[in-house]
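Open the model in your viewer and keep the selection tool at hand.

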Amino acid sequence: MNTPLGPDCLPVVYGELETDTRLYSLGLIVHGESNGTGSTTLRGDMSSEIGDRDLVEDPLFILERGEVYRNPTEVKMSQIVLPCHANHCGELSVGQLLKWMDSTACLSAERHAGSPCITASVDDIHFEHTIGVGQVVNIKAKVNRAFTSSMEVGISVSCEDLFSDSLWNVCDAFATFVARRSEVGKVQLKQVVPRTQTEQMEYSIAAERRRMRLIHAEIITDLLSTSTAQLGECQEYQNAVSAERTRVESVELVLPPHANHQVSTFGGQIMAWMENVATISACRLCNAHPTLRTIDMFHFRGPSHIGDRLVLKAIVNNAFKHSMEVGVCAEAYQGAGELRHINSAFMTFEVLDKDGKPRTLPRIRPEHVDGNRRYQEAIARKKIRLDRKYIISCKQTEVPLSVPWDTSNQMYLSYSNLSALKIMAAQGNWMLSSEKNKVSLYTLEENQMLCFKVETTVNVPAEQAFQLLSDLRRRHEWDRHYQQCDVIIQPDEDDTIYQVTTPCVSRGGKGQDFILLASRRKPCDSRDPYLIALRSVTVPTHPASEDYTRGEVLCAGFSIIEESSDVTTISYYNQATPGVFPYISNDIAGLSSSFYGTFQSCSKYLEENRDSLDALPPLKPGAEWDGPGRTPL
Ligand SMILES: CCCCCCCCCCCCCCCC(=O)SCCNC(=O)CCNC(=O)[C@H](O)C(C)(C)COP(=O)(O)OP(=O)(O)OC[C@H]1O[C@@H](n2cnc3c(N)ncnc32)[C@H](O)[C@@H]1OP(=O)(O)O
């Protein structure tokens, strides 16, 4: 009997890694936390106290050949926080920190590009701690990946107290820089070559983050228009503060000291000015000292230069129980010229009491029309931030394996689905367990977690293999455990939610069903594989029923690599969950070779269909499930 390669189990952002790794997901950082065994548990906290200096990632790695390696793009900056860098509470101003982060990141980008670089955007940043006068800020930046003319720079900030010899992570961020050379048109950057496992992972996930970045504005606009339509009227609170009272407008004349070495206004300075007006606005609501917690992703839309006047405007869009959202906008003009939109950002502030706990805030009374819109949109953005935090950073042990899917978290689920597969694939410690007829079975065992990988090579073009494997409706043609597979929802051409039913594992038992999100991704460039990631989700139309035992998949999927125009390596990954383990334990222990049978059927299916894709009608984006057991397409 062939053992099923599915039910495609598995996880998402949590797993175990061998390195001290920081992965990011749209501003939410998953930290590698040492567990004392040399491996690392992925945690979803924004940042964590390091406490032990050994845990801070050292850029110097001893490679297998004994050679010492340091990432050639890495740049470090250390600064003692002086009173001139701090606010009246003796805390480092976030504006100053942003300047240091932007400069360090720019120098790293320029080290890779060999030419001037400008900041295009900065992903969401969450500040976990404030930094006091006398403490040291350590900033490290390195290029994770170069695309055509742009590159992603990863920035990590820690705080060091020299007197107690302790160290904390403060925040991690990802910025995109664009290389510019006046004498040529668009710059073509050289590729980054990842050398360590951490670099390999960051390189791989950077492509996914870039995709999110480029569609971010569009998706947020869509989400805002659908969610605000459902919110109805603004709520009225007693003693609410008028939003008008929090409105701030301030002008700055860009002088030579505000320019960068390319004579445009230094991006870090613009961010610092924006943070300044946002803080004044937040302060007008709470009449106390506000602490900046997060800045949502922002984009430098166009340059400004020495001599420009920068008009900075801020207003509190909405105040919740413990946090408030301030909208900030920067526009530039010259003399009597038109205003140019340079940047906009949403910043979330809290007010902390003496124990560091967030205080209850006064509510806001929006002004009519635009104020109401901003008020409602702030609620929708709060929901989007919470969804993102839940999906990307929650602990595996604390939440059900399956995460509810809806249109507002679709982008993050797809991202975390693919990132989890990329993380698993990038592990360097896969052990070859057995090999038969050119099919290899590998395992990866880490702290009660077992992953397996089955790999083979087929004489089928990679794109064709990708198309054939990504339509789960055809999987029954080679995996007899995919008894039935129906499309429930297809929100876009890259994501499809299926209901899969499988026969019962034990005699007299019930069959299992799975609600699986399949996320497909074509390569970003020739060094990337095609990917099909699978994980369980829940959808309200398909609750667990009495007919089936509901099974769950944390992380599984295919990585498809083009070796040549006609030869493709297919790797199937799966993180074993308790429900799946019984299917695979015999194979892993070498007592059965049923995996090989299934994978050979898979190879045969691909080779037989290498010239055709016409067995089922193509999936159409936007399709919705319309009844049990039917494919609505
Ligand atoms: C008093 C004390 C003062 C202290 C003082 C100290 C001074 C200490 C100086 C230190 C040094 C530091 C220096 C920091 C560096 C700056 O300060 S730079 C200044 C701030 N930034 C700016 O002014 C940029 C303004 N924006 C722009 O010029 C344009 O929007 C951009 C970024 C060039 C993009 O323009 P575009 O028309 O979209 O260009 P396009 O060719 O279509 O795209 C180019 C690339 O950008 C990418 N891109 C476009 N939009 C985005 C986006 N939103 N997200 C990501 N990528 C994007 C595209 O994907 C494309 O990538 P590739 O496919 O080529 O790889």
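Start by selecting residues 94-113, helix α1, and residues 267-286, helix α3: their axes come within 8 Å and cross at roughly 165°. Axes here are lines fitted to C-alpha atoms, for helices over the stretch in contact, with angles running from 0 to 180 degrees between N-to-C directions. Helices (H or I, at least four residues) and strands (E, at least two) are DSSP runs numbered from the N terminus. α1 and α3 are therefore roughly antiparallel to each other, a term used for angles over 145 degrees. Now show side chains at the contact (heavy atoms within 4.5 Å). On α1, pick Val 94, Gly 95, Leu 98, Lys 99 and Asp 102; on α3, pick Gly 267, Gly 268, Gln 269, Met 271, Ala 272 and Glu 275. Coloured by class, this contact of α1 with α3 has 4 nonpolar, 4 polar and 3 charged residues. In that scheme Ala, Val, Leu, Ile, Met, Phe, Trp, Tyr, Cys and Pro count as nonpolar, Asp, Glu, Lys and Arg as charged, and the others, Gly among them, as polar.

This is a predicted model, in which local features need pLDDT of at least 70 and side-chain atom pairs count only at pLDDT 80 or more, while totals for chains, interfaces and linings use all residues. Residues are numbered from 1 along each chain as its sequence is written, and side-chain values use heavy atoms, with hydrogens and water left out.

Next, select α6 (residues 462-470) and α8 (residues 594-608), whose axes come within 10 Å and cross at roughly 115°. Which residues meet here, in α6 and in α8? Ala 465, Leu 468 and Leu 469 of α6 meet Cys 602, Tyr 605 and Leu 606 of α8. By class, the contact of α6 with α8 has 6 nonpolar, no polar and no charged residues.

Move to Asn 287, in the loop between α3 and β15 (290-295). Asn 287 is not a glycine, yet has a positive phi of about 50°. Its relative accessible area is 62%, so Asn 287 is exposed (exposed means over 50%, buried under 20%, partly exposed in between, with a 1.4 Å probe and protein chains only).

Then select Lys 438, in the loop between β22 (431-436) and β23 (439-446). Phi of Lys 438 is also positive, near 65°, and Lys 438 is exposed at a relative accessible area of 71%.

Finally, zoom out. The protein chain has 8 helices and 32 strands, and 58% of its 633 residues count as buried.

Definitions and conventions. Parallel < 35°, antiparallel > 145°, perpendicular 65-115°, else oblique.
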